Each structure stands twice: as structure tokens, then as C-alpha cells.
Amino acid sequence: MKDTPLSNCERDFLLKAIEEKKRLDGRQTYDYRKMKITFGTDYGCCFVDLGKTRVMAQVSCELVAPKESRPNEGIMFFNIELSPMASPAFEQGRQSELSVKLNRQLERCLRNSKCIDTESLCVVSGEKVWQIRVDVHLLNHDGNLMDAASIAAITALCHFRRPDVGIQGDEVTVYSPEERDPIPLSIYHMPISVSFSFFQQGTYLLVDPCEREERVMDGLLMIAMNKHREICSIQSSGGIMLLKEQVMRCSKIASVKVSEITELLNKALVNDKKARKEGGRCGFAESLPQERITALKMEETSVEMTDATERAKDIVQKADARPQKVPSPVVPVPGVGQVGQGLQNTWGLEEDEDDEEEAEECDSGEEQEEAVTKMEEERHEKEASGEGDVVEISDSEEEDVVILHPAMPDKALKWVHQFSMHCN
Amino acid sequence: MAGLELLSDQGYRLDGRKATELRKVQARMGVFAQADGSAYLEQGNTKALAVVYGPHEVRGARSRSRHDRAMINCQYSMATFSTAERKRRPHGDRKSTEMSLHLKQTFEAAVMTQLYPRSQIDIFVKILQSDGGNYSVCVNAATLAMIDAGIPMRDYVCACTVGFVDETPLADLCYAEEGGGVSSLALALLPRGGQIALLQMDARLHQDHLEALMEAAMTACKGVSKVLDEVVRLHLQEVSVLSAE
């Protein structure tokens, strides 16, 4: 399913706002969205919420034969699934460019940086090693998938426990979780990626772009670092041209952000450990605050209203003066209306004309009807003169104009009723 | 490979180069008659062939054509005999797709695509022998092919892979140096303005060393641009002599 294209006015609005250093959700240039890390019931299952972007990572392990070139190292396998659940733009099964890009970036960020001790995953050299598989599923796409995926993947790896293995001579026994406690993976460092988006050929820079900002950006720079200020991966994408100073500046910002995120990550892990120890409930269902699973909870965002009232007043003043009140419709005779001061309406104004009409329609009881009409008119005239807020418009030489009143319809109906009765 | 000394005490590398020396570059332009532009480039032992078709009308999916600029389509593949062990999947695997995307991104920044709206430029690059620095050699070869095809570009696009060993940046890595867990940085540069078209780095590097590494990469790229410039001028001379006759 093709994604709806972004309209030009929306694009211009976003770019103009960015030029004025304003973002859609009121963040500053270097601010991240609200991040929430929760864990599932199993070890190795982690959910990350970055604003509205929601990502789930699951780690699993399996005993396999190692690669021939590396007989005493374990295998790490990463996979990011872009399912149509996350966004209508993603198609099921097709390996789109974005999917390849994200997968390769995650692989390079986590595998090439050697964040996990793969030699400790070896059970029998050359025969059996652990294969650790990290599956990241995108649940909701609201921009900055790479950061959310990297945080989810590394948190899940930290949270994961693999089964304990015992070796006696040639025999290898894999203990189930009930027999022996599973042991955590040995992780050297935690690489976390930070994304910078560039606008207007690199003039403006934003951290953690949301989906709308991603659509209007020129290019993206992804820097993965750990808290020891070691850069694990840099990747620039999109057709922008960077300068060396920009890259250096981004790396400095990234180091600050990464230390903050690592703290949050560690806190979440500690909290989860405590909760599990106390036997508290934990899991996906617990991470949703309300009973309704389909609820999308929105936090209140502050709106900048500083000069809103002045600008509103300006705009109102500059706008055209209020148009003249259109005169209410004028009704000479019940059932006939006239609006404005156009050509004088000669419909049914004359008594003679009235009589003629009636003569055409009904033969019997002409005079009676005539009398009825006259009586009606007189009554209306009396009413008209009685009303104070009536708009008298026409200066016709003919008889008085009858003004339409809300109560008119009843009288009109009554007249029609009488008329029809006379006819029959 | 842990025992191999990538940088000796005297400052010599595995193949006898100094830290800032580039490998020998040999190039030919106008290799194929059929294509609009073609080039063959050797950088040390890495050999790449690049072919450019275009600008022509968008083939295939009409919806992909852009109304205000040309579309650049890249395909990167490695010959099955290019690596030490035979490659089972020359194209379609993730690494090749990623490389194609990077090449596309690099040239979208450099080529003046606004001059050819609603058209397509195809770049095909094939690695015949891989000895490190695949991406850089591809970019350099593709630049020559673009010039041969006569497609207007903002500047030469020169790329180089640099590594960081023992506090020293090494320019133009070969395969043995790349595989040794060395932090390698690949940079594609437009030399005159100093603008970076693509920046890619793997493996751990402390933030403080980043600036030095980037400086080394930019110097190396400027060196490559001089070599490419000479190649282009030589080729022009030959061609003009031939056509004059």
C-alpha cells in the first residue's frame, strides 16, 4: 500500500518552522522524545517507546555448528522486521531499501563493534556453539526507527539469559531453566545509535526526527557510541553533503545523549530485576497502563502561546471589515419571498392578481376566498406594525409589504388549509 | 591474524608503504564502446570496472521518475572469482544492496541531476579482484566513467578508506589491514569544497581520534583526486589526437 504523499503546504510549513527553531511537538533542537523501556515476561524480551515509535526486540538462542573460519566463536544474527503493522508504507515480505538499510546498520552497530564476547558462546570448539538471534519488530513507525531498534536490541541482549551448559569429558548437558539458573551474556559495552537529520542542505540540524520531519529532511547521519565515548559506527545517508565541523559537532552531541540513554537503560534493567525478585507481575500486559489494549495514551504537550494573542489580534484587524448585514427576506404574501432590494417583486402583490390566480385554481367560493385573503393580509399588517424590530425595506407604492415571521408558517398552513377546504 | 604487525616500528606497513601512502592507481577510460561511459580502475590489487548509461528515459516503473531531476540507479556486484573463497551470491545479498544504496547516495549528491528531469542515469560497477577498499575503488571508477559519459558533476568524487592503528591513521587499507579488527573509515569527498558525500565507519574508535582520522581521510582523497585528474587529462589528449587525425 502506497503511503500518502506529503502535501507541499505541509512541507513548507514544517521547513519554515524548523528555520524558526520550532518543532511540531515543542521540543528543542537537541531533545529526545520521551523514552520508555519495558520488559516482557520471558528473559530477552524488551519494548522501547520513543515518543510514539514502538519497537519490540526478542533474543533467542540455539546450539549450532560454528562457521568454518571461526570455529571457537559463537554466531550473532540480527533481523529487523518491518511489518505493515507499523506503517501502511511497509509491505509484507518485500525487502525494501529501508529494510536493508536498517538491517545493515544494526548489524554494523552491534556486530562489528564486538559488544558481546562471542568466544564465551563456544561450547565445543568446532562442533557446537551458541547462535544468538535478535529479532526486532517494529510495532509503530513515528520516525527514528534506527535509534529505537538499537536501544531495544542492546537492552534485550542485556536482559537475556541463556541456558547453562555442563561439560563432562565428551558429554555436553544443556540444563533447563528449572534445573539450573540461566546465565546472562557477557557484554563488553552498550552501543547506542543517535540520529541527526539535516534540513536545507545541511543548514539546520535536528536530533531524533519524528515521522513528519523525516519526510522533509535532506539527509540523516547516524552515530553509534557507547558511554565510554567510543564511536562504534557512523553512517551518513541521503544525498546531503556534510562538512567536517558538522560531523564533529554531531559526535559531541551524541556522546551527551548516549550517556543519558545508557543511564535510563541501566535503571530500567535494575527495576526489572527488582520486580522479578519480589515476584511482582511483569510483562507486556503490565506495561500498558489501561485495561484497553488498543489505547494510545497521549501525554499533554505544552503549546507555546507567548505571542499568540497579539498575533491573533493583528490578523483580525487586518482582515476585512465585517460585511453588511444582509436584509432578511421580505414576504409580500404568504408563500412568496423577496430577498434584497432587487427588482420589485410583483408576484401576488395586487389584490386583483390574487383574485385572478384564485379564479384559475378554484371556481367555487371565490369571493369567500377573497375575503379570507384580505382578512389574512389585514391581520398581517396589524402584526407588522406591532413589531418593533422589523426591517422595512421596500418603498413600493403598492400596499404594505408583509414581513416574514417565524410564526408565519403556521398561518400560511392555516390559510392553505382553509383554501383547500374551500376548494373541496 | 593477530600476529601480523600492521605498522612496524620503522613506520612500514605490511606491503612496505608508509602510513600516509596510497596504493598505485592505474586507470583507463572509454573501455567499452557500447556504454555511454566506462572506466577501469586498479588501486593496488583491487580492480573495478564501472559502466554508465544515461541520461535516458526512465525504464520500468514510470512512477519512480522525478519531475524535477534525474534518478540515479546503481548496481554493485562482485565477480565470484574476486575474493579468496568463491562468492556464492554475486548480487542480491544484503551487503551488495547496501553498497549499491551507498553509491547511489554518493552520486546523487555530486551529479547535477536538476539538468535532466524525468530521466535516469544507470551506474553498474563490478569488482574483478577484491583486496580491500572496495567502496572507495568503486566510487573512483564510477567518477571516471561519469566523466567519460559527459554527465555534468559538481566536482570529482574521490573516496578513500583509512584505518587507525597505534594512534596513527593509515591511508588506503588493503584486505589484510581491514580484516584485522582495525577501525576503518570510508569517506567520499568532493575535494574542492571539502564536502563529504558519504561517511561510513565501523568498529570502535575513541571520539578524540575521530578528527585526526577524518583529516587523514580528506588528505588521502585529495591525493586521489589529483591522480584522477591526471588520468582524465591524459585520456582527453589521446582522444583529441586520434580524432584530429
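Start by selecting R33(A) and D142(A): they form a salt bridge, with the closest N and O atoms 3.4 Å apart. (A salt bridge here is a side-chain nitrogen of Lys or Arg within 4 Å of a carboxyl oxygen of Asp or Glu.) R33(A) sits in the loop between α1 (8–19) and β1 (35–39) of chain A, and D142(A) in the loop between β6 (128–140) and α3 (145–159) of chain A, so the pair ties together parts that are 109 residues apart in sequence. Helices are DSSP runs of H or I with at least four residues, strands are runs of E with at least two, and both are numbered from the N terminus. Over all chains, the salt bridges come to 32.

Before you click on: this is a predicted model, where local features need pLDDT of at least 70 and side-chain atom pairs count only at pLDDT 80 or more, while totals for chains, interfaces and linings use all residues. Residues are numbered from 1 along each chain as its sequence is written, chains are lettered from A and ligands numbered from 1 in the order in which they are written, and side-chain values use heavy atoms, leaving out hydrogens and water.

Staying in chain A, pick K114(A), in the loop between α2 (97–110) and β5 (122–124). Its phi is near 55 degrees, a positive value in a residue other than glycine. Most residues other than glycine have a negative phi.

Now show both chains and look at where they meet. Chain B brings 31 residues to the contact and chain A brings 36, contact meaning heavy atoms within 4.5 Å. About 3200 Å² is buried between them, 53% of it from carbon and sulfur atoms; that is the accessible area (1.4 Å probe) that the two parts lose on being put together, summed over both. In chain B, select R94(B), R204(B) and Q207(B), which lose the most area to chain A, together 26% of what that side buries.

Next, go to helices α2 (134–149) and α4 (207–244) of chain B, which pack at about 35 degrees with their axes 11 Å apart. (Axes are lines fitted to C-alpha atoms, for helices over the stretch in contact, and angles run from 0 to 180 degrees between N-to-C directions.) For the contact, select N140(B), L144(B), I147(B) and D148(B) on α2(B), then V224(B), L228(B), V231(B), V232(B) and H235(B) on α4(B).

Last stop: G54(B) and P55(B), joined by a cis peptide bond with omega about -10 degrees. P55(B) is in strand β3 (residues 46–57) of chain B.
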